[in-house]
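Dear colleague,

Please find below the sequence and the structure that I would like to hand over to you. My notes on it come after the display.

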Amino acid sequence: MPDTRSAPVTVPRVRATKVREGHEPLVMVTAYDAPGARIVDAGGVDMILVGDSVANVVLGYEDTLQVTVADMAHHVAAVARAEPAALVVGDLPWMSYHVDVADTVRNAAVLIRAGAQCVKLEGGAIRAPMVRALVDAEIPVMGHIGLTPQSVNAFGGFKVQARDDEAAQLLIEGAEALVGAGVFAVVVEGVPEKVGAAVTDALDVPTIGIGAGPACDGQVLVLHDLLGLTARTAKFVRRYANLADDATAAVARFAADVRSGSFPSDAEVYH
Ligand code: KIV
């Protein structure tokens, strides 16, 4: 597949991308290691999100609350070692930006030093002081609103958010507060499509949707979901491959070849 990008993707370039101004939608995909980063970068994404979804997708946890700054730095560094042209977004894990602003900046700096070019955090207006402090420390920030997975216990499960007008209005105000504090883009997750459209309309920075409808300025999916490597997926996921089935079949063929004695063949041994 041809790589259509001419230069490494930067924060200012992402910030300037609004579909209503005639730009192409942004593409973001997660990756958690160097091979994953190489695959998504070669696929031509604009941004690689080293998401805290590594907790459920790779590490086998039920939710994202178990990963630490050290865990995230480990995965950010692996992605950065692939030297992608795409912008590397490091996800701040739960409790790394909830206590105070100094803590937030120090934790974000760990991800930047590991190789991220910016960080992402979840929540609306309540996060504005943290966003301001990060931006003051020259750390670009991506917001994340709606069905924020780190709020799973507060929400009582992974439930679509902002279903009524009052909640939708609060969500938009939260997004505006984040933009006022300096975020360069906002992920909008798990909201009705008209809410995704209204947030996108209200903001002059790009929105990147995941289960937020087609009106957003970009879309993000978890790599393992789109490759068909995860067993359960949400309604908004489109699978572009069935790699779990392909991988299982490949391993089964190897096992059969070993047991039948057909592996290794003469060509596969040193003489
Ligand atoms: O961690 C993650 O993968 C995310 C996406 C779902 C946006 O935050």
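This is a predicted model: local features need pLDDT of at least 70, side-chain atom pairs count only at pLDDT 80 or more; totals for chains, interfaces and linings use all residues.

Residues are numbered from 1 along each chain as its sequence is written, and side-chain values use heavy atoms, with hydrogens and water left out.

5 of the 5 residues of E3 are buried, so the strand is largely enclosed by the rest of the structure; buried here means under 20% relative accessible area, exposed over 50%, and partly exposed in between, with a 1.4 Å probe and protein chains only. Both faces are covered, with Leu87, Val89 and Asp91 buried on one side and Val88 and Gly90 on the other. E3 pairs with strand E2 (residues 47-50) in the parallel sense over 4 bridges, pairing being called if DSSP finds at least two bridges between two strands, and Leu49 stands opposite Val89 in E3. Strand E4 (residues 118-120) also runs parallel to E3, joined to it by 3 bridges, and here Gly90 stands opposite Val119.

Turning to charged pairs, a search of the whole structure finds 3 salt bridges, each defined as a side-chain nitrogen of Lys or Arg within 4 Å of a carboxyl oxygen of Asp or Glu. One of them joins the side chains of Asp204 and Arg15 (3.8 Å, N to O). Because Asp204 lies in the loop between helix H9 (193-202) and strand E7 (207-210) and Arg15 in helix H1 (residues 11-15), this pair ties together parts that are 189 residues apart in sequence. Asp204 is partly exposed at 46% relative accessible area, and Arg15 is partly exposed at 35%.

Lys18 forms a salt bridge with Asp217, the closest N and O atoms being 2.8 Å apart, and both Lys18 and Asp217 are buried. The side chains of Asp91 and Lys120 likewise meet in a salt bridge (2.9 Å, N to O), which links strand E3 to strand E4 across 29 residues of sequence. Asp91 is buried at 1% relative accessible area, and Lys120 is buried at 2%.

With kind regards

Conventions:
Helices (H or I, at least four residues) and strands (E, at least two) are DSSP runs, numbered from the N terminus.
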